[in-house]
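Please open your viewer and get ready to select residues as we go.

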Amino acid sequence: MRLIRRRIAQAFARAEHHRRSVAKRTLAALATAFLLSPILLALPAEAAAVTPSLGSAVNFAAVAATTITNTGPTVVTGDIGVSPGTAITGFPPGTVVGGPTHIHSNDGPAASAHADAHTAFVQASGEPCDFTLSIADLGGQTLPPGVYCFTSTSVGLTGTLTLDAGGSSTAAWLFKIGSTLISASNSAVVLINGAPPCNNNNITWEVGSSATLGTATSFVGNILASASITLNTSARSTGGLYADTGAVTMDTNTVSTCAGAGGGGGGGNGRPTIATTPSGSVPAGGTVSDSATVSGGASPSGIVTFKLYGPGDTTCSGTPFATKVGTLSGGSASSGPVTVGAAGTYNWTATYNGDANNAPVTSSCGSEQVVVTGQTLTGRAFGLSARATLDVPHVDITVPPTPDTGFISTTSSSSTTTPCVATLSGPVTAHVLCANVTTVAFPGKSTASASVADATISIPTLPTITLQVVKSTSTTTCAGSTGTTTIANLKVGNTVVATTNVSPNTHVTVDGVSLVLNEQIPVGGPDRGLTVNAIHLTVNVPGLAQTNIIVASSESDIGNCP
């Protein structure tokens with residue numbers, strides 16, 4: 001009996017030894033498997049991905065450098081934009097929620113969104129890795145938050161990738177892929193344990209070339225692709241599609257921004273709206289302004305950036321004429337005054353920049369037009385006019401304004417020059433008489449000038465009057481008018497009257513002849529200005545010929561000044 005008990009005890013001892021050996025081997029195998037798993041842990045104890053800032057691109061569900069094309073009844077929640085390209089096709093049959101104002105073909109918002117998405121791509125590419133995976137397919141993986149790099153340049157998704165937030169509402173993931181991202185049909189990205197889909201744009205895919213989502217794939221996260229992004233039939237994307245140098249191609253898809261999916265925009269869940277009120281029409285050189293009211297969302301605060309685009313920039317894609325920043329107060333902000341330039345149609349855009357709880361939002365180009373009207377530029381110039389009458393002896397002399405530009409009125413830059421008249425003959429003889437009116441649209445200016453090379457006035461009962469090289473000039477801007485007269489020589493009979501430079505409204509009387517030299521007469525009314533007559537000769541003495549002669553007359557005027 002003792003022998004039997006001893007053998008039984010030995011059998012139990014051998015069994016226990018075997019059990020312990022198996023346990024040790026199992027533990028060693030598990031340790032080896034852990035160390036050789038796809039996640040190579042040269043890691044921080046707690047990884048945390050940095051979410052790249054999308055800036056104004058946060059409101060765009062798709063941004064492409066070249067084209068956005070669509071086939072079938074795709075539904076997009078969020079704006080779409082192309083810049084610097086212009087081609088957007090397939091809408092309809094595709095639908096962008098909110099209508100055509102959310103479709104941007106190389107306008108200001110599209111250019112800004114493309115630039116901001118590029119900045120986000122650069123930021124993402126520079127983030128250091130928390131984890132380096134040696135696998136080439138993410139299907140079947142469950143991954144905690146962090147920045148993920150890959151030993152393979154091309155990464156696929158076949159099946160389901162599970163992102164585990166571990167109970168954190170601020171968990172974030174950044175996947176850095178060297179070349180291509182390709183998902184198989186019916187693949188999916190799902191989130192568990194406290195990670196709402198796309199919360200605060202918390203999932204980012206930085207792709208070195210192109211990304212392709214397979215048929216019926218359900219994808220989550222913003223894709224920042226260096227080249228192009230393609231969604232095959234029925235693929236769904238919750239997160240923006242940003243193709244830095246290429247195209248975005250869709251086919252019967254459902255696409256939304258993170259905000260459109262219920263997640264935050266610039267930093268929160270609020271998606272406010274913006275309403276704007278530009279100032280009215282003003283003359284060129286006047287001041288304009290814009291105001292914005294931001295409502296909805298989650299009590300938006302912060303700043304509004306106002307940009308004013310000049311005439312000809314109908315897409316708001318060029319360099320702004322002016323940029324102003326206003327701080328929200330009571331939900332409203334103002335640009336303050338901006339002095340405009342030349343006439344034309346200007347366009348405002350207003351961008352609420354978002355805050356921790358609200359996404360940015362931008363008014364559409366063309367919705368805030370301000371018409372700037374040009375100055376009315378007028379003028380007239382002539383070389384000489386004369387009228388003299390006397391009953392006994394009979395005198396009746398009339399010389400109409402010669403040469404005469406006529407009355408000029410324009411809002412454009414122009415130059416009106418009459419052919420110079422070589423000779424006037426008769427009691428009033430003259431040579432080389434010229435007249436000109438020149439206008440400049442902006443800054444508004446009208447300039448008139450007239451000149452006479454020489455003239456001799458021989459009217460019965462009056463002393464002979466001779467003059468040489470006479471010129472007048474009148475210039476008017478919105479700031480005021482100036483006039484000048486030069487007279488090389490002027491004689492009445494044997495009396496020398498004038499030297500080269502003559503002060504305004506110089507009065508001289510010689511032998512019954514009244515002279516006003518450099519006569520300057522302000523012009524009133526809606527078009528204000530100045531008439532300058534180099535010489536204004538009158539005689540109103542009984543027994544002498546009643547005479548009124550003007551030499552070198554220039555008038556310049558301007559209207560519609562600010």
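A cavity is a set of grid points where a 1.4 Å probe fits but cannot get out, whereas a pocket is an open set. Keep in mind that this model is predicted.

**Stop one: the cavity.** How many cavities of 30 Å³ or more does a search of the whole structure find? The search finds one. The largest cavity holds about 50 Å³ of space.

Now show the cartoon. Helix 2, strand 20 (222–225) and strand 23 (241–243) each supply at least two residues of this lining. Helix 2 gives the most, with four residues.

Next, move to the largest pocket, which has a volume of about 630 Å³. Its lining has 33 residues, and the closest to the pocket centre are Asn 59, Asp 79, Val 361, Thr 362 and Ser 363, so select those to centre your view. Then highlight helix 2 (108–125), strand 26 (273–278), strand 30 (303–309), strand 34 (344–352) and strand 35 (361–362), the elements that give two or more residues to the pocket lining.

Which element supplies the largest share of the lining of this pocket? Helix 2 does, with four residues. Finally, colour the pocket lining by class: nine residues are nonpolar, 20 are polar and four are charged.

Note on methods. Residues are numbered from 1 along each chain as its sequence is written. This is a predicted model: local features need pLDDT of at least 70, side-chain atom pairs count only at pLDDT 80 or more; totals for chains, interfaces and linings use all residues. Side-chain values use heavy atoms; hydrogens and water are left out. On a 1 Å grid over the protein atoms alone, a cavity is a set of points where a 1.4 Å probe fits but cannot get out, and a pocket is an open set with protein on both sides within 12 Å along at least five of seven lines; lining residues have an atom within 4 Å of a point. Grid points are joined across faces, edges and corners, and a volume is the space filled by probe spheres set on the points. Ala, Val, Leu, Ile, Met, Phe, Trp, Tyr, Cys and Pro count as nonpolar, Asp, Glu, Lys and Arg as charged, and the others, Gly among them, as polar.
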